[in-house]
Amino acid sequence: MTYQQILDQGKECLRQAQIPEADLGAWYLFAECFKMDRARFFLCSQEEAPSDQIDRYQSFLRGRLRHIPLEYLIHRTEFMGLSYYVDSRVLIPRQDTECLVEEALLLCKDKDVLDLCTGSGCIGISLAVLGACRSVTLSDASEEALAVARENGLAHSVDVAFVKSDLFEEVDGDFDIIVSNPPYIARKEIQRLMPEVRDYEPVMALDGGEDGLFFYKKIMDQLPGHLRRGGMVLFEIGFDQGKAVRRLLENRAFVRIEVKKDLAGLDRVVCAQYEG
């Protein structure tokens, strides 16, 4: 079979199964399997492909037909222009979360930063690579998630600290900036998520309690012991949580509270300053 025939069959296979973004997914799996970019494909699309690589591609397609996320199949995703390793131990970084990093980049130069609930490490490591921070600490309750974050830290050669901690329990010291993308899906909504998320991504990284606000409340209650006076906290939020998270901050010692929107015009980030 030629490369063109293989790719065409992959697209049709995923289309027939009504897999989201079938053509794009077929291409990404193809490109990973055959180590091929668009330019090379244009030149050799009519050449015969090695049979062992065809078998691997078909294995990828079978996984995608079971709704295994593409990123877990190829163990890689792009975030803030950087490549990150991912697997089922961590939530897959989303483009929406780049809004949180972009806001933090405006503030983090020469600052001590804590990335709470770090998961894959994409937030804290991106800040360490791009933000000229004084220090960056990455914390998560899951040792499995931290193993992935450490792997990504090594891949990007960043000097960051890793702490296994249930929120602030094992976190020492205080910080100028605390960023967090905590679990924020209301528990009753999890079963309504697309199967790629519901069946494969770690539930502990999704489940925000009955109302989706459990971790925001818990983090805010503990922030005074870890956020310096005048310091900033930045949260990613669900698109319908802006007003609720703002109210939670208003009821505590926070000022300059702002709700920022993502590229789709939806509430995505809440920033606030700790008055102390």
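Which residue in E5 is the bridge partner of Leu138? The bridge partner of Leu138 in E5 is Phe162. The model is predicted, so local features need pLDDT of at least 70 and side-chain atom pairs count only at pLDDT 80 or more, while totals for chains, interfaces and linings use all residues. Residues are numbered from 1 along each chain as its sequence is written, and side-chain values use heavy atoms, with hydrogens and water left out.

**The sheet**

- Helices (H or I, at least four residues) and strands (E, at least two) are DSSP runs, numbered from the N terminus.
- Two strands pair if DSSP finds at least two bridges between them.
- Seven strands form an open sheet with mixed pairing, in the order E5-E4-E3-E6-E7-E9-E8.
- E5 and strand E8 (254-261) are at the edges with a single partner strand each, so one side of each has no neighbour in the sheet.
- On average, neighbouring strands of this sheet are turned by 15° against each other, direction ignored.

**Strand E4 and its partners**

- Strand E4 covers residues 135-140, and five of its six residues are buried (under 20% relative accessible area; exposed is over 50%, partly exposed in between, with a 1.4 Å probe and protein chains only).
- Strand E3 (residues 112-116) pairs with E4 in the parallel sense over five bridges.
- Within this pairing, Leu114 has Thr137 in E4 as its bridge partner.
- E4 is also joined to strand E5 (residues 161-164) by four bridges, and the two run parallel.
- Thr137 stands opposite Ala161 in E5.

**Helices that link and cover the strands**

- A right-handed β-α-β unit is made by E3, helix H7 (residues 122-130) and E4.
- Another right-handed β-α-β unit is made by E4, helix H8 (residues 143-155) and E5.
- A crossover is right-handed if, with the strands pointing away from the viewer, the path from the first strand over the helix to the second runs clockwise.
- H7 lies across E3, E4 and strand E6 (175-180), and runs at about 170° to E4 (angles run from 0 to 180 degrees between N-to-C directions; axes are lines fitted to C-alpha atoms, for helices over the stretch in contact).
- H8 packs on the sheet and touches E4 and E5 (contact means heavy atoms within 4.5 Å), and its direction makes about 175° with that of E5.

**The pair H2 and H4**

- Helix H2 (residues 22-34) packs against helix H4 (residues 51-65) at an angle of about 145°, and their axes are 9 Å apart.
- Residues of H2 including Leu29, Phe30 and Phe34 meet residues of H4 including Ile54, Tyr57, Phe60 and Leu61.

- Most residues other than glycine have a negative phi.
- Gln18 is not a glycine, yet has a positive phi of about 55°.
- Gln18 lies in the loop between helix H1 (3-16) and H2, and counts as exposed at 68% relative accessibility.
- Met80, also a residue other than glycine, has a positive phi near 55°.
- Met80 lies in the loop between strand E1 (77-79) and strand E2 (82-84), and is buried, with a relative accessible area of 16%.
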